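Here is a short briefing on chain contacts, helices and a sheet. Please look over the sequence and structure first.

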Amino acid sequence: MKLWEYIVRRMFLLIFVLVGVTIITFFLSQVLLDPLALYLTEKTPISAIPSIIVHYHLNDPWPIRYGIYLWNLLQGDWGYSKSLTEPVLAGLSQRFPATMELAIAAILWTLVVGIPTGIISALRNNKLPDHVSRLVALTGVSTPVFWLGLLLQLVFFYYLGQLGLPHLPSNGRVDSTLVLSYPITTVTGLLLVDTLITGNWVMFGDALAHLVLPSFALGFISMGVITRIMRSSMLEVLRQDYIILARSKGLSERVVIYRHALKNAMIPTVTVAGLAIAGLLGGAPLTETVFGWPGMGRLAVSAIGRNDAPLIMGFTLIAALILVVANLIVDILYAYLDPRIKY
Amino acid sequence: MRRSNWSPALAELKFAGNLLIQNRVVLGGTIIAIGVMLTALLGPIIVSPTVATDISLPARLQPPSAAHWLGTDDYGRDLLQMIILSTRLDVIAMLEIVGAGLAIGVTLGAFSGFIGGTLDEALMRITDIFFSIPGLVLALAVAAALGRGLDNLILAIIVVQWPGYTRILRGQVLAEKERLYVDALRALGIGRIRIIVRHIIPNTIYPVLVQCTLDLGGVILTFAGLSFLGFGASALTPELGRLITAGQNYIFEAPWLTAFPGLTILIISLAFNLVGDGIRDVLDPRLRR
Amino acid sequence: MTLNSEDEGLLQLNNVKLDFHTYAGEVKALDGVTFTLRKGEAVGLVGESGCGKSVTALTIVGLLPENATVTEGEIIFEGKNLLKVTHDEMRHIRARKIAMVFQDPTTFLNPVLTIGEQLEEVFLLNLGSNDAKLEAENTGSSKLSKSQQKKVARELSIQVLKQVRLPDSERVLKQYPHELSGGMRQRCMIAMALARNPDLFIADEITTALDVTIQAQILELLRDLKREFHGSTLLITHDLGVVAELCDRVAVMYAGNIVELADVKELFAKPLHPYTQGLMRAIPMLDKRMDRLETISGSVPDLIYPPTGCRFHPRCPFVFEKCKLMKPELLNAGKGHTVACHLYGEGKK
């Protein structure tokens, strides 16, 4: 089976899974919660209620209600957000780039720190660098991300500021006063990209400074996960017979590690990447809340306090969509790395 | 010291014990985990249970001192005592979540894997759907739908946990049911339920147990995280995530209010992660059947 | 008395002792291994599983696991003690002088690299250095550019694959190990060894992991190559039939010791050591599937607590008191035949 056939097959699975997710969100928002509440405000007269029920099919059997629900979703009607006073999809998509930028930065931290640390840890197995990085990685997967965010703010914003040292900002994506002087042209919604391509160096630096702490906090757990898996898979690979053969050819240790061992060790690491991305998406609401980051996660959290079910369910759907697509990409990457698997 | 003198069970225990002791970090984790459990157990006894309502405004927001080892919060309550009480709630929640998830997952996974057919296929597709929603996001959605309250939060996280255990156990069961003794039992006329409960499950449960101990560390992070956001126990009930929610208002003046509860969460999670690692290391070679 | 040989061996092992440190204790895997390999000859190293033959090979090329320590002895190869050379010197020797082929072609080939990549890297390694024999042979001693090197390496790879009788070698280069059959993979490994044109070729049970029919094919290949190959060969096997076909001399190993060493015809005609005699009596195909040898009572000793004196004494039908106390040295029994057994203690040159 060729690669594109595999992708097509996966797309069908993807659609099936997403439909399943809509069943869950439907159940949560329309069965567990009272959907009538969506359409009522304090001003609605009681007499209007029966017609509201009829108009929105609220008393119809569930399959029909689900059908309407799904149909609406596909048409882009994800409901109306009371708290935002705008449609859910619009509200979410407006904040989508912010969350994406945060997540991508967190992934970069994870890869740039996690993979080399894991490799070095395996090569210096049971020596000091190994013990240190293992402990740090283990601490990483045990750290509450919101607490870490708060501590980072305390140290890098407050304490450094108190000491008069250059410090990192603790809130938002940009400095709200600075951006007035150097307005950013929105192209992609990713501030680092937009400022770069428009040559807006001042805001590039500012956006970057704002991105550092939240992305590090968000990525901290994944860093730990990737370090651990990289280390253990590297150790496993270095024990393999084909490494002995490679050494017996007289190849230098560097070649043995980077050409023979690494590609094999990446395979288990890539399979864990899907889980790591799920963790990042889950950590987004917490991180965005702590850092006042205007992303979808923070929106969902604020929706909780206002009982804005459509918004929460919309966020759930988008998160699932992102995760499923990310998993597909990971699987393709895995198929590329490992010539043995047959799709 | 001849190896042949030891009985097999004793030798295994000895091997496990050796491995544990040799890895001092895991041993440390185990000790801390035991300490955490004891704190949770004895919490209300060591500390006065009314400490949550022992409001003393003159003593509010004091940094760590001899009188209050970890300082006081914005109501003048001793932070150390608050943390000890909170540990109980978090640990109990953690155990309930993993325990219930385990029970559901094992039952579903065992029956589904053993019986097979469309039931099994359907269950796997359902777990696929659950896996496609990030954990905390799903828990958040379920908790939002169920409403406030501690039990609802616990239920929400159980919903996140069960698919994982189901899949692991089902995978093990698929392999296990091919083994010869199963055919023998069926030939003897022993019913499937009995086979599953008395033979299959005990033989396949080890990898799931390993995953459970590894999950304990993660579950408490999810639980504390959602509590931090406002789910779970009411604002007055001592809970570690809640303490941080309250503490963040004073983060610059009284950082200890945020630092110590979070540190406690970290220590609990770390301890159970270490125990989970240790168990996995001990059991792992034997899992490759 | 150790071997008193006047002609310079290519490879000489003198009293090599090796221990493995394990959780269960110290495994005394090699207990004073001594033998010599001369230029151009093929020596077989036989013994049952666990007797230390593979360990001996790994010790020669320095590829032992971390928990192994050589406690005594020396390995002299082309004038140098391999146990004392620097890491770089050893790598150079592995790249040019000693090539080893291993038992299981499935696990010893890297699954994520193509055969071509794994074969060409051997050539590229040698092309990169200045005094490459291959370079001198094929292109003259001028240094080549990177892309030229790659082309040459590819050409040489195709040639060497033809040498091991692999059909369609261009296609094989692009394939991954899992796409080939066991026999083809083993030929590729042999090709990787031949690519270096080594002075010493070590084959560690290279037919054991293959089907009987494929084994026969590989043996035929080795027979053909023997005519073309001018270096020395150390052939490790538990199969006396292979030894009879391909070797000039044979060393018999038991529990970490060389117990007998002779010319092939001599050994088969007149086996001296009781263990060798037992082997000859047993079914010639010593299969791994047999748990114990039918005609030699007892079982392989525990090398953590090995028997005192001669390690074979608990199983020897001719055992007497001296065997339990003193380890027998290799004695010359005439016509280049040496044996380590007290039965021949009175044997003189």
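What percentage of the 289 residues of chain B count as buried? The figure is 48%. The model is predicted, and the points below are grouped by topic.

**Chain B**
- Chain B has 10 helices and 0 strands.
- Its pattern along the sequence is α-α-α-α-α-α-α-α-α-α.
- Take the contacts in chain B with a separation of 6 or more: 72% of them are between residues 24 or more positions apart.
- Helix α7 of chain B spans residues 180-187. Of its 8 residues, the number buried is 0, so this helix lies largely in the open. A residue needs 20 or more other C-beta atoms within 10 Å of its own to be buried.

**Where chain A touches chain B**
- Chain A puts 40 residues into this contact, and chain B puts in 34 residues.
- On the chain A side, six elements each supply at least two residues: α1 (3-32), α5 (128-142), α6 (145-162), α11 (253-291), α12 (296-305) and α13 (309-337) of chain A.
- The side of chain A that touches chain B holds 29 nonpolar and 11 polar residues. It has no charged residues.

**Where chain A touches chain C**
- Here chain A contributes 19 residues and chain C contributes 21 residues.
- Two or more residues of the chain A side come from each of α10 (241-248) and α11 of chain A.
- α10(A) gives the largest share of that side, with 7 residues.
- By class, the side of chain A that touches chain C has 7 nonpolar, 6 polar and 6 charged residues.

**The sheet in chain C**
- Chain C holds an open sheet of 8 strands with mixed pairing. The strand order is β6-β7-β8-β3-β9-β10-β12-β11.
- The edge strands are β6 (98-101) and β11 (331-332) of chain C, and each pairs on one side only.
- Strands of a sheet pair through backbone hydrogen bonds, either parallel or antiparallel.
- How do β7 and β8 of chain C run, parallel or antiparallel? Strand β7 (residues 200-204) and strand β8 (residues 232-237) of chain C run parallel, joined by 5 bridges.
- Across from Leu200(C) stands Ser232(C) in β8(C).
- Helix α8 of chain C (residues 182-194) lies across β6 and β7 of chain C. This helix runs at about 175 degrees to β6(C).

Key:
Residues numbered from 1 in each chain as written. Chains lettered and ligands numbered in written order. Predicted model: local features only at pLDDT ≥ 70, side-chain atom pairs only at ≥ 80, totals over all residues. Contact = placed C-beta atoms within 7 Å. Helix = DSSP H or I, 4+ residues; strand = E, 2+ residues; numbered from the N terminus. Nonpolar A, V, L, I, M, F, W, Y, C, P; charged D, E, K, R; others polar. Buried ≥ 20, exposed ≤ 12 C-beta atoms within 10 Å, placed from the backbone. Pairing = 2+ DSSP bridges. Axes fitted to C-alpha atoms, helices over the stretch in contact; angles between N-to-C directions.
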